[in-house]
Amino acid sequence: MKVIVDRGRCTGIGICESVAEAYFEVGDDGSLTVLRDDVASVDEDEVVEAVRSCPARALTLNRDPE
Amino acid sequence: MSQNTPLVIIGASLAGLRAAEEARFGGYSGPIIMVGAEPHLPYDRPPLSKQFILNSTNAADFLTSEDELLSVLNVDLRLGRTAIGLDVDARRVRLDDETLLDYGTLIVATGAAPRMLPSAPELDGIFTLRTVDDAAALRDRIVDSTRVVVIGAGFIGSEIASSAHHLGAEVTLLEGAPVPLVRAVGPVVGLEIASLHQRNGVDFRLSTAVQEIIGKTRVEGVRLTSGEVLPADVIVIGVGAAPATSWLADSGVRLDPVDGGIVCDEYLRTSAEDVFAAGDVAHWPNELLGSGSMRLENWTNAADQGRHAARNALWPDSATPYVTVPYFWSDWYGQRIQFVGTAAPADEVRFVDGESGTDRWTALFRSGDRIIAAATLNEPRRIMKYRKLIGRRAAWSDAMDAFPQDASRV
């Protein structure tokens, strides 16, 4: 499972970081860094919640990355 | 696991939608009926005073599609309908078309409606902003050189002032209090962010009260209590919002005597059995921040409370208190304001990075030896770290040490 960020929508509000800090961090310029590319299965619920919580609807999950 | 069906949700904005989603994500398979007063599918409100107004071609930012709501979430959607009564003994909601909805579980997420100035006459050119229709009507009237007077320098008023200024309007922003936004961010940060208005060329006046709005059929201006008259083509009233609970007045659901919000316990249960509340309407005791009850009007809370209320309502055996570090953001003049925690009761507000009066700073709020809030201007990397610290009930010294470069300053 992998997180995809729509850079056109993300404005760095940071709720994803608040929910899953091991995976998301907003930088000084407001741009989002995905800290880990693949989502560990133990973290799945947390990352799913982060994705669902995005106010800009900028995050999606690719559950079946090639 | 006991589930009383159907689940009826009154309110089809963010909190109501999140409640419906959470019900389905959690495995609830019974019927869901969602009632929305507006004719629109759920849409996002924060952009209305910003991106939506700035671009006349922008459509509403829908939170979901009709297909998702009807087919995937399997919601029986009643749009353009308003709840007008609740009978908690019969467990029934009455709608404005006289439809009666029986509920097993009820979630009230009716939001808040803008307050009007009591003295405001019925004139063309007076606006409040809550809905996308309000925003579209206002947008049509603000063009280059429009004279706009915004009454009330809260977040909505300030965002509209910023957007109207960006569109080339001549903007005057009036605030009756000596300091704006005190309840939301406290006096120090309230004054600090309000200085953005002057710095960006908006005529901003504190301690300025409106005597009357002048005009015959359409708005011509505003007379201040000082006697001064400000000519205006458009007046926007942003003096706060009141919980939309008049339909509950005689229902037996306990309402707050001051603002009419719904009184909930820590589980978001109202005083009526199987009736929950979420979003702008709900007062509840936030365990993290002392014993008092709070009511929040922000995006984060509406979303989180909607989900939490649905979980607690449908799975009472695993219900948990709703505990949160409040978070909101706002964009003025292209600058990002962020706030986490609660501004009161602060013993101290300290700028730990950046300077007051500049376009980048961090201010921390201390109560006793704890950090209780943080405010930032254009410091997006920091804010969520402080939210974590506040959530952990961290000591003030931990907050001071959170970013090593701050140490040399304190």
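Modeller: The following account describes the interface and then a pocket. The model is a predicted one. In the interface, 22 residues of chain B are in contact with 21 residues of chain A. The area buried between chain B and chain A is about 1,800 Å², and carbon and sulfur atoms give 41% of that area.

Nine salt bridges are counted between chain B and chain A. One of the salt bridges pairs D61(B) with R9(A); the closest N and O atoms of D61(B) and R9(A) are 3.5 Å apart.

On the side of chain B that touches chain A, two or more residues each come from α1 (14–25), α7 (299–314), β22 (327–332), β23 (335–341) and α8 (383–391) of chain B. The largest share, four residues, is given by α8(B). By class, this side of chain B has 12 charged, eight nonpolar and two polar residues.

Two of these helices, α7 and α8 of chain B, also give two or more residues to the lining of the second largest pocket, as does α1 (15–19) of chain A. That pocket has a volume of about 550 Å³ and is lined by 21 residues. Nearest its centre lie E49(A), D304(B), V323(B), T324(B) and R387(B). With six residues, α7(B) gives the most to the lining. The lining residues of the second largest pocket comprise nine nonpolar, seven charged and five polar residues.

Key
Residues numbered from 1 in each chain as written. Chains lettered and ligands numbered in written order. Predicted model: local features only at pLDDT ≥ 70, side-chain atom pairs only at ≥ 80, totals over all residues. Heavy atoms only, no water. Contact = heavy atoms within 4.5 Å. Buried area = accessible area lost by both parts, 1.4 Å probe. Salt bridge = Lys/Arg side-chain N within 4 Å of Asp/Glu carboxyl O. Nonpolar A, V, L, I, M, F, W, Y, C, P; charged D, E, K, R; others polar. 1 Å grid on protein atoms, 1.4 Å probe; cavity = no way out; pocket = protein on both sides within 12 Å on 5 of 7 lines; lining within 4 Å. Points joined across faces, edges and corners; volume = space filled by probe spheres on them.
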